[in-house]
Amino acid sequence: MTVHPILAALRRHKVAVLLIVLQIALTLAIVANALFIIGQHIQRMERPTGADEKDLIWVLQQWPGLSGGDDVATLEKIDALQRTDLEILRHLPDVQDAAASTSIPILSGFSGGHITLNPNQQGLSVHAAYYFGDQRLRHTLGLHLIAGRDFDASEIRHGRAKADSPAIIVSKPVADALFPNGNALGQTVYQDGSPATIVGIVERLQTPKWADSNWAYNSVLEPFRDDDRWSGYVVRARPGRVQAAIREARKALLAVNPMRLMPEPSAGVHAFSEIRARAYRQDRGMVLLMSVISAILLCVTAAGIVGLTSFWVGQRTRQIGVRRALGARKVDILRYFQLENLLIAGGGAVVGALFAVGLNEWLMTHVEMTRLPLSCVALGVLVMLTLGQAAVLVPAQRASNVPPVVATRSV
Amino acid sequence: MFGYHLALAVRSLRRSPGLTALMMLTIGFGVAASMTMYSVVRGLSADPIPWKSSQLFVPQVDMWGPGDRGPGGEPPVAMDYADAMALMRQHRATRQSAIYAISPSAMPTGTSRNRSPIMLDGYAVYGEFFPMLDVRFPYGHGWSAQDDAAPSPVIVISDKLNQQVFGGGNSVGKTIELDDHDYRVVGVIHDWNPQPVFYDTINPGYGGRGPEVFVPFQQAIAVNMVNASWDGCKKGTSDPNADFVRLRQSDCVWISYMVELDDAAAVQRYRQYLDDYASEQQKTGRFDWAPNNRLRDVPTFLDYRQVVPGNIRVSLLVALGLLIVCLVNTMGLLLAKFLRRSGEIGIRRALGASRTAIHAQFLIEAGVIGVGGGVLGLLFTIVGVLCIGQVLPAADAELAHLDTPLLMLTLLTAVIATLLAGMYPTFRAARVPPAWHLKAQ
């Protein structure tokens with residue numbers, strides 16, 4: 001099948017061909033970038049936190065009326081209240097374990113700082129988030145300890161949280177950043193200037209931040225129970241008993257002290273799965289939006305191809321009749337239109353690939369976005385070619401059904 | 001003549017209902033997607049205080065030095081305690097206020113209806129805050145400079161809190177208990193929640209219930225009302241966290257600052273003052289870098305802080321891309337549709353119709369499709385704006401609202417876009433040579 005007659009025929013409809021090529025190119029550019037954005041959001045939503053999220057519950061509540069002073073009496077009062085709460089939570093029938101913590105992964109307030117190898121904060125400095133909690137925190141969260149040990153009860157101090165504990169547990173990225181040859185255990189590092197020994201390393205613990213960053217998995221567990229009017233507890237329910245545990249916990253905590261405040265939606269008693277869903281709601285929304293717009297774009301382009309090809313079939317009915325009369329089979333006519341569409345879609349795809357890269361460059365400068373991988377562009381090209389072929393099938397079928405006798409008619 | 005063209009147009013469109021429907025749907029979708037995203041962006045970029053925003057400024061002083069600057073050498077967006085208090089003391093602008101976020105709780109009192117403690121959102125401000133930002137008081141007023149200095153345990157509450165605690169009415173003079181301290185109500189404000197929250201320079205975002213209480217700044221400091229928002233500390237120093245006393249002594253930033261400057265001369269003088277202040281700090285050794293201050297008015301500041309989130313800007317772009325593709329599609333389909341009727345055009349031209357008449361005919365046809373697409377676009381836009389809360393964060397989606405200008409713009413965009421798309425096909429149709437198509441084919 002020669003290409004030359006097809007090109008000659010197309011040359012007579014230059015503008016229409018240009019319009020289709022433009023349409024395919026723009027659609028490819030937008031769909032390629034949209035698919036990439038969707039992929040990125042999905043990737044973010046699937047990030048593991050490192051904690052065993054099934055059966056995990058986060059309790060956040062506030063004792064009103066306690067001021068921000070740091071007189072010892074107030075702090076001791078708060079500490080006693082916290083210890084009471086923890087005892088009550090641990091003894092609930094559907095609860096396996098409970099621990100004090102200032103934060104949970106993905107979505108809570110936290111404080112952070114820098115870990116350095118020397119006390120005067122020069123040279124290598126690793127940014128990390130601090131989880132202030134007690135000795136049960138690692139176990140309750142279900143973090144995988146790959147080296148060292150947990151804190152024991154005697155190491156836990158309490159008061160106003162400050163990152164000056166002598167012993168810390170760090171996440172693996174922190175350990176690897178500070179000691180690339182892997183001997184982080186037992187070493188002394190400096191947290192914002194205060195010395196600390198690394199007594200344990202957990203494989204993975206995500207920081208309490210939702211946004212992406214290059215330190216999203218840099219976390220440090222501090223053996224310190226923070227006595228603040230806001231206090232948080234991580235609770236692990238017995239397998240499969242999360243809802244029951246949530247109900248019991250809420251009831252028990254309010255029974256002990258009805259003067260707590262648990263303003264929704266950030267405070268209260270929530271299953272971690274709910275928190276994860278809330279944290280990634282925006283990502284789900286973007287995935288939906290981009291998917292809908294991509295689907296509409298593809299439908300519109302397909303409709304355009306169908307419409308224009310039908311028009312050309314209508315215009316060339318006589319020529320098709322002549323060809324059939326001269327011996328072309330139905331399948332030859334079909335192939336002709338398919339090849340014509342392939343050429344147009346191919347041209348559009350090439351231009352579209354350039355547009356896609358260009359659009360990506362533009363987005364990178366104006367919005368936070370990373371470079372479009374070539375696989376996305378290639379996938380987009382494949383999609384457009386397939387779409388074109390699928391769209392041209394119906395008009396091409398109609399063309400191939402033109403009977404040869406049309407050649408003999410004069411109108 | 002117009003009626004004749006219109007009748008012909010409608011008849012022709014009715015002859016190919018599928019194609020007509022397709023074109024109208026395409027335009028409808030394209031316009032609706034763009035208009036929905038535009039309504040969100042319009043809501044997000046709206047000036048929260050348009051009558052005064054060019055007179056309100058956010059000063060930024062560099063108290064951390066070259067190692068801690070943001071991209072472009074930017075100093076921190078908030079102030080630390082020492083510098084905020086120095087600026088307030090020296091009082092160089094027409095009005096100014098240091099601001100920080102508090103979240104006290106109102107304790108149940110004998111007179112209140114509600115028996116469990118209510119957690120509140122509020123700000124600790126200076127008395128000039130209220131006239132500076134034109135906050136309206138149905139009852140009472142703000143407090144005076146003497147109350148700021150004393151500091152007096154006075155409080156301004158929102159209408160909603162007034163209803164909740166006192167059942168409404170003029171509660172000036174009544175007492176409210178906040179975190180174990182009594183405060184005397186001096187004013188009640190209308191529910192005031194400008195979006196974005198521009199006076200909170202640390203967190204100028206959207207959402208929130210709006211401030212329910214305002215307390216004098218020094219009063220909040222005196223009773224240790226902790227900072228309820230975030231604080232930022234210099235790299236390498238440890239964050240005092242909830243230790244409010246240490247926070248005040250540190251150079252961590254946690255205080256928003258806003259000034260009112262009435263004209264360009266005042267702005268110039270204040271800019272000079274900030275530089276003089278920083279030079280003075282340099283001389284005393286507290287800063288050892290050259291002055292690196294900023295003074296932006298509220299719209300510029302909000303722009304700098306990129307209050308319109310990135311993913312919404314991307315969505316607007318993609319929606320506009322959809323509109324452009326829909327228009328190119330319509331142009332192609334119109335071209336096909338018009339040229340298919342070359343025989344009819346040939347006959348009309350032979351019977352004496354001028355090129356202008358053919359132009360008018362097809363432009364009107366494009367216009368009819370535009371109107372049809374516009375009506376569909378209107379319906380889809382209404383659905384879109386109502387449902388946008390499903391895909392975007394609630395705080396952003398709430399700001400998108402339907403109003404007559406938006407709907408008119410939708411219709412206008414659809415008609416004008418379709419007419420533009422129809423220009424080339426019309427031009428081609430009018431150029432059809434009559435003799436060629438009159439021949440028996």
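Helix axes here are lines fitted to C-alpha atoms over the stretch in contact, and angles run from 0 to 180 degrees between N-to-C directions. The model is a predicted one.

Start with one helix pair in chain A. H2(A) packs against helix H10 of chain A, residues 330-366. Their axes lie 7 Å apart, at an angle of about 45 degrees. Angles from 65 to 115 degrees count as roughly perpendicular and those under 35 as roughly parallel. H2(A) and H10(A) are therefore oblique to each other. Their crossing is right-handed. The contact of H2(A) with H10(A) has 18 nonpolar residues, five polar ones and no charged ones.

Now step back to the whole chain. Chain A holds eleven helices and twelve strands. What is its radius of gyration? Chain A has 32 Å, whereas a compact globule of 411 residues would have a value near 22 Å. Along the principal axes, its C-alpha atoms fill a box of roughly 105 × 50 × 35 Å. Of the 411 residues of chain A, 44% count as buried. Among contacts in chain A with a separation of 6 or more, 82% join residues 24 or more positions apart.

Finally, turn to the partner chain. The contact takes 54 residues from chain A and 51 residues from chain B. On the side of chain A that touches chain B, the elements giving two or more residues are helix H2 (14-45), strand S3 (111-116) and helix H8 (281-315). H8(A) supplies the largest share, 17 residues. By class, this side of chain A has 29 nonpolar, 19 polar and six charged residues.

Methods. Residues numbered from 1 in each chain as written. Chains lettered and ligands numbered in written order. Predicted model: local features only at pLDDT ≥ 70, side-chain atom pairs only at ≥ 80, totals over all residues. Helix = DSSP H or I, 4+ residues; strand = E, 2+ residues; numbered from the N terminus. Rg over C-alpha atoms; globule rule 2.2 N^0.38 Å. Buried ≥ 20, exposed ≤ 12 C-beta atoms within 10 Å, placed from the backbone. Contact = placed C-beta atoms within 7 Å. Nonpolar A, V, L, I, M, F, W, Y, C, P; charged D, E, K, R; others polar. Parallel < 35°, antiparallel > 145°, perpendicular 65-115°, else oblique. Left-handed = near helix turned anticlockwise from the far one by under 90°.
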